[in-house]
Amino acid sequence: MPTIEDIGEAFEPTGAANVEEQQLQVPETLPVLPLRDIVIYPFMIVPLFVSREKSIRAVDEALGENRMILLVSQKDLDKEEPGAEDLYAVGTVAVIMRMLKLPDGRTRILVQGLTRARLESVESGGEYLRARVAVMQEASAGERSLEVEALVRNVRGSMEKAANLGKNISPEVMAIVANLDDAGRLADLAASNLELKVEDAQSVLDIADTTARLRRVNELLNKEIEVLTVQQEINTQARADIDRSQREFYLRQQLKAIQGELGEGNELAEEIAQFREKIETVKMPKAAEEEALRQLKKLERMHPDAAETATLRNWLEIMTDLPWSKASVDNLDLAKAEQILNEDHYGLEKIKERIIEALAVRKLKEKPKGSILCFVGPPGVGKTSLGRSIARALDRKFVRLSLGGLHDEAEIRGHRRTYVGAMPGRIVQALQQAGTNNPLIMLDEIDKVGADFRGDPSSALLEVLDPEQNNSFRDNYLGVTFDLSNVMFMTTANVLDTIQAALRDRMEVIRLAGYTEEEKLEIARRHLIPKQLEENGVTAKNLRISKSALSAIILQYTQEAGLRQLEREIGALCRKVARRVAEGQTEVVMVTPKNVHEFLGVPKVAPDEVLKKDQIGVATGLAWTAVGGEVLFIEALRMKGKGNLVLTGQLGDVMKESAQAAFSFAKSRARELGINEDDFNNYDMHIHIPEGAIPKDGPSAGITLATAMVSSLSQRAVRKDVAMTGEITLRGNVLPVGGVKEKVLAARRARVTKIILPAQNRRDMDEVPKELMGEIKFVFVENVQQVFREALKDAAPATPPAPPRPKALPQPAPPTAH
């Protein structure tokens, strides 16, 4: 059972003489009880719950001494164990009148404030806080001045006014306020009943002077009255609005009853009439119109408050909003279309030619069943913007749908109306957004469509993208067919491998491999720089970027097939200049290769470069990635062992098989290749492709792996300026590979002067920019022996007996091939 210690008889708080006697007997040091969210004034009687261990010990100590304790508010309410710096400088000396220990370990005490006291010092190292205190003496109650009398009357009047405005002040307190003559106690009593913030309440406790304290309390009272006045006005306004709304509802119900008696003003009937007029106006196909009218009759028979009424209304609104017969007129002026394409995009001649051919067919035939174009290429090469330009050239509306991460088939076909929150699929929504039945819809990121238990969106797209089927596309939400044959669909993707085979078969693939340095320079000059100048509020008078500076930005700050990073870097330049202009600098900023790092920082890209010298066991390969071409340096090293093949560098299964095939070929042709056959039994071969954190796979590195192995085994150096790509067979044949243009562009960035390609890839040279043909020598090979003749140097002449670890003699650099 909880225990109660009644100690109230020893101290009578209402007797002024006793209080003064107690005040005179306040010891120099007292236990300290930190308070949260409350300030205790002298003569206040307040119950407190004590739960903190140090505070409970302070209460026990006070009860064991003289029942006096110092009550001090803490500054940070969330501080669990406050120190001296966390307490206010002024507190209240109080006496503990009653104490109750609760079963949960807490203690409840009843305290009464005695007098103000200032903390001289605090000892926080013990089991509880203890402070040295100095009692703050108040001025004796002599003859009141006129100011004090006026302040007392103001405080009393303000308290009464606050109570009338709805402040929760008990009548007993108001009675004490009316009869209390002590000005200091009146100020404390008023402050304790205002529900002040801790900071404001503490500001009253800090003031020992009676007049200053009254003045502060009067300020706080006036502020509270202003808040209460505004609060009452808000409540009155809200009540008036509620009364007005109830009155309007009552009048509307009366009006509806009167109109019902007169046979007038049926809102649902008016809405049905509007739907019927829209159905006739939009000129739906016969089947769709019959279904719409049938649902309209169903709505007419329904009660206006029925749950299905809202569903039918939404369905009819979408049906009447769709562009069943509204189409835009195509611009079939081929010269104008070509001009628009040239304005928006530099280069891409073959792609522009294909688009103009499609327009020519549309000019000759009213409704051709053209193929769906799929633009495939790395990020940032302009796939989506190309679709936007085509729409502008045709004068068609353009709608872009992003399919990345799509998993739900209902996103394409729509949800059935029986589901809560059902809506049409994205295709129907795009038509509703476009407002015509022949927009250009760009299906972005079609290679990133997923599939799960909710269906396969790729299979749903088969109907959308098939010209033989999409004239009767059925959306689950509409429940009727819509003709999509007038819509021009285009798609974009980064890779083709992840696209479903049947879906890929319905599209004509157009590859955008990337841009050369010259093309990037021209695109930056024509499009990127003007765009970024406009977006950043800078003009050509403020910023000029030299051609050589642009080249430096492309080579040192970007490494991409597209243009996004280049645009970001140009934007960074414009922002630097915009700041200077905003600060008042008017001189033109000229960006050159020498000062470009002052704007963009240190170069972000270490450009791929050919090896510094011919080396044994290191060959340069070319690889294709989703973001363009890359240069790979394949290292081969022979070491004492038992003829094992070790592969490192996160190689995929296909690349491992290529390495095994190359190793087997080298074994079978050791004599022809100048390799000692015993080396395969006495040495292990270690193949490593640097940047081991990046997974690598594909057949393109076959001949590069073979070259590195043969170089290491025969001790013949690989020419430093030669790069190669091609698949190898066990018989030494070289098979064709893909991504030739991307690989050639990567070799050009690395300053390679000779590229070895499979002979069957000669047909891909039409895609390679003409300006590269004069800079790089292309060698086409049919078997790996030709690769070795082009890539490997002749064996070094015999040398005297070598030390235990022979080193290859330095070889002179070969002349550059043109």
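Q: Which residues lie nearest the centre of the second largest cavity?
A: A cavity is a set of points, on a 1 Å grid over the protein atoms alone, where a 1.4 Å probe fits but cannot get out; lining residues have an atom within 4 Å of a point. Here 11 residues line the second largest cavity, and Glu560, Ala561, Gly628, Gly629 and Arg749 lie nearest its centre. This is a predicted model: local features need pLDDT of at least 70, side-chain atom pairs count only at pLDDT 80 or more, and totals for chains, interfaces and linings use all residues. Residues are numbered from 1 along each chain as its sequence is written, and side-chain values use heavy atoms, with hydrogens and water left out.

Q: How many cavities of 30 Å³ or more does the search find?
A: The whole structure has 4. A volume is the space filled by probe spheres set on the points, which are joined across faces, edges and corners.

Q: Which element gives the most to that lining of the second largest cavity?
A: Helices (H or I, at least four residues) and strands (E, at least two) are DSSP runs, numbered from the N terminus. α25 gives the most, with 3 residues. Both β19 (628-640) and α25 supply at least two.

Q: What classes of residue make up the lining of the second largest cavity?
A: Ala, Val, Leu, Ile, Met, Phe, Trp, Tyr, Cys and Pro count as nonpolar, Asp, Glu, Lys and Arg as charged, and the others, Gly among them, as polar. The lining has 5 nonpolar, 3 polar and 3 charged residues.

Q: How many salt bridges does the structure hold?
A: Side chains of opposite charge can pair when their charged atoms come close. A salt bridge needs a side-chain nitrogen of Lys or Arg within 4 Å of a carboxyl oxygen of Asp or Glu. The structure holds 39.

Q: Where do glutamate 775 and arginine 748 lie?
A: The two form a salt bridge, with closest N and O atoms 3.2 Å apart. Glutamate 775 is in the loop between α26 (770-773) and β27 (777-781), arginine 748 in helix α25 (residues 740-749), so the pair ties together parts 27 residues apart in sequence.

Q: Is arginine 748 buried or exposed?
A: Buried means under 20% relative accessible area, exposed over 50%, partly exposed in between (1.4 Å probe, protein chains only). Arginine 748 has 10%, so it counts as buried. Glutamate 775, at 38%, is partly exposed.

Technical notes
On a 1 Å grid over the protein atoms alone, a cavity is a set of points where a 1.4 Å probe fits but cannot get out, and a pocket is an open set with protein on both sides within 12 Å along at least five of seven lines; lining residues have an atom within 4 Å of a point.
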